[in-house]
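Subject: Structure for your review

Dear colleague,

My notes on it follow.

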Amino acid sequence: MVKPGKSARKVGPLGTSPSHLMHRALQLALDIYAEETGADGLTQRQFAVLEAVSLKAGLTQTELVRMTGIDRSTLADLVARMTAKGLLERERSTVDARAKAVRLSPEGAARLEAARPRVEAADKRIMGLLPKSQRDAFLSQLAELAAAADAAPDAARAEAKAAKKALKAAEKETRKAEKAARKAERPAKPVKIKKPKLKVVETV
């Protein structure tokens, strides 16, 4: 059982590393989640998928990736296993005939409804580890980080597009420079000097 309480903050590189501290906080949160939901409960990712699908029936996996933040390959495997367990049902998307959409099965809806109070209890325990005066700010900061994570793929695509455009422009300039260099290396054509025509003047 994880007990709330303050401990001396560790000093050194790890004690001031955001990535390390966030990883430790995530471990704590998942431990509390597992304690509240039980061994037979939904995993945190399963719960996230079911909650997302409950908000909008017929979600494609691309939409689920955007809503849950789970990477595409992991989500595909997760959805396949949840479908096999009877928690989700697959159907052809009405928006994109090439894509498969998912919706809650009756079993999935029942499991989600049963899990919600347990997840809420886990969230309350996690927030209870912080002073009341800091909880709203903490959630706001987490939301900002989550928004940055959501925006990262679009930013990466935009950066890649800009880099590709810059590369094409550089290649174009290189070709122009090479063409100019080849032109400069060509021997100059000899200039033809026209001989003046001499007029013959007849004398009487």
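In what order do the elements of the protein chain run from the N terminus on? The order is α-α-β-α-α-β-β-α-α, which comprises six helices and three strands.

Please bear in mind that this is a predicted model. The protein chain has a mean pLDDT of 84, and 80% of its residues reach 70 or more. Among the elements, helix α5 (residues 106-127) has the highest mean pLDDT, at 96, whereas helix α6 (residues 132-185) has the lowest, at 82. Where pLDDT is low, the predicted coordinates should not be read in detail.

As to the chain as a whole, 17% of its 204 residues are buried. Of the contacts with a separation of 6 or more, 51% are made by residues 24 or more positions apart.

The sheet

The three strands form an open sheet in the order β1-β3-β2, and their pairing is antiparallel. Strands β1 (59-60) and β2 (88-92) are the edge strands, each of them pairing on one side only. Strand β1 is joined by two bridges to strand β3 (residues 100-104), and these two strands run antiparallel. Here Thr 60 is found opposite Ala 101 of β3. Helix α4 (residues 72-84) packs on the sheet, where it touches β2 and β3. The direction of α4 makes about 110° with that of β2.

Helix α1

Helix α1 (residues 18-37) consists of 20 residues. From its first C-alpha to its last, α1 reaches 28 Å, close to the 28 Å expected at 1.5 Å a residue.

Which residues of α1 are buried? They are Ile 32, Tyr 33 and Thr 37. Viewed down the axis of α1, these buried residues fall within an arc of 120°, and they therefore line one face of the helix.

Against what do the buried residues of α1 pack? Their partners are α2 (44-55) and α5; the latter is the helix with the highest mean pLDDT among the elements. Just after α1 comes Gly 38, which takes a positive phi of about 85°.

With kind regards

Key:
Residues are numbered from 1 along each chain as its sequence is written. This is a predicted model: local features need pLDDT of at least 70, side-chain atom pairs count only at pLDDT 80 or more; totals for chains, interfaces and linings use all residues. Side-chain values use heavy atoms; hydrogens and water are left out. pLDDT is the predictor's confidence in each residue, from 0 to 100. Helices (H or I, at least four residues) and strands (E, at least two) are DSSP runs, numbered from the N terminus. Two strands pair if DSSP finds at least two bridges between them. Contact means heavy atoms within 4.5 Å. Axes are lines fitted to C-alpha atoms, for helices over the stretch in contact, and angles run from 0 to 180 degrees between N-to-C directions. The expected span of a helix is 1.5 Å times one less than its number of residues. Buried means under 20% relative accessible area, exposed over 50%, partly exposed in between (1.4 Å probe, protein chains only). The arc is that of the directions from the helix axis to the C-beta atoms.
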